[in-house]
Amino acid sequence: MTHSAKLIHVRFVLGTVVVIVSILLLTFSAAAQSKTAHKPRSPRAVKSPAPVRAVNAEEMQALLKRDGKRPLLVNYWATWCDPCRDEFPDLVKIDRDYRAKGLDFIAITLDDLVDIKTAVPKFLLAMNAKMPVYLLNVADPEPAINMVDRDWSGALPATFLYDNNGKVVYKHFGRVNPGELRAAIEKQVGKSQ
Amino acid sequence: MKKIAAVSLMVTMLTVALLVNARPLVSDISAPPIIGSTIADFTLADPSGAAHTLASLHGKNGTVLIFIATQCPVSNGYNERMEKLAQDFKARGINVVGINSNSTESAADVKDHAAKNNLTFPILKDNGNKVADMLGATRTPEAYFLDAGNKLLYHGRVDNSRDVTQVNSSELRDALEATLAGKPVPKATANAFGCSIKRGAE
């Protein structure tokens, strides 16, 4: 092997090692994140989240209204829903990254009313969640589901992004892809400010 | 040789990383068949591996297909109601068939779950969620009622509440009763909150 060929060989091997190590780190950190997702982030998680308010379908509809100023992200979830719990850290990060840039974000839980002061705030505290959270309390869920979106079966989680005029510009059923959601948000924030 | 080994290791790692991160979008799932359309026959295996066709399981007056889960608390909230529905209508010629399409729940899980919860109706394992895709099913529990000719008469929830004490409308049961009485189904679709079906590559 010539000197330059050796050098290329060494650089190639080094590059390969770096790629493999990065992939391993990424995979393990993702796995670690999803495993620790349900535990409190001590010691930074100190402040209690704002109280969760129960709303009926009409009150929920009012929450979705826009006045031309800020886009709105809405996530429907429940503590009993595994993919909801799994994606929540991503949503908390999105809230942190975009609220100051003009995004409103509300989370609407479909937990039982009996959990409004227990399981729900406990989870939100563990997530260090700061967005306003409401609990939809309805005897029949269908009118609320249909009001939100005709294509939605009620499967959780479900995520909707409204522009500043209240038009749905992005929706996703099932666990969100954070990159895709961020790209959709980027298009909306700061539009009319 | 080392180079080849390193490259193949890298390719393997990348493939694994890509597969791990691949998350099928529910929005890619086709819409459910419209009410009144005929559902094509399909073949799925039960947890013991025996294959069944829709034709071999259907009742003389109709069939209820319910997408269920072993781990979803909403689906589990309906175990007793689904079993009772199966018992109530078997003698009247309507068979209940459960389908588990969750890639995260194995055939062994399905078998254990059925035994523990005294579910006596057949439950099929939908590997690769092909029947869920065919029917546009997205959550558990989600029901489809087909008449004797496999025409779709009702699609949606079992009833309005996973809490049995809060039930005040039972659309699925109403659809079965109406059909057996020779009347049109009063409400052909109804939604409720439920767990997403966990789709996988296979």
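In which strand of chain A does A:I108 lie? In this predicted model, local features need pLDDT of at least 70 and side-chain atom pairs count only at pLDDT 80 or more, while totals for chains, interfaces and linings use all residues. Residues are numbered from 1 along each chain as its sequence is written, and chains are lettered from A and ligands numbered from 1 in the order in which they are written.

A:I108 lies in strand β3 (residues 104-109) of chain A; helices (H or I, at least four residues) and strands (E, at least two) are DSSP runs, numbered from the N terminus. With 22 other C-beta atoms within 10 Å, A:I108 is buried (buried: 20 or more other C-beta atoms within 10 Å of its own; exposed: 12 or fewer; partly exposed: in between; C-beta atoms are placed from the backbone). Not counting residues up to four places away in sequence, A:I108 touches A:M60, A:V74, A:Y76, A:Y134 and A:L136, contact being C-beta atoms, placed from the backbone, within 7 Å.

A:P132 is found in the loop between α4 (119-127) and β4 (133-136) of chain A. A:P132 has 17 other C-beta atoms within 10 Å and is therefore partly exposed. The C-alpha atoms of A:P132 and A:I106 are separated by 5.2 Å, although these residues are 26 apart along the chain.

In chain B, helix α5 (residues 107-116) has B:V110, B:H113 and B:A114 buried. These residues are on the same side of α5(B), because they cover an arc of only 100 degrees around the axis, taken from the directions from the helix axis to the C-beta atoms. The buried residues of α5(B) pack against β4 (94-100) and β5 (123-125) of chain B, whereas the face turned away carries the exposed residues B:A108, B:A115 and B:K116.

Definitions and conventions: Contact = placed C-beta atoms within 7 Å.
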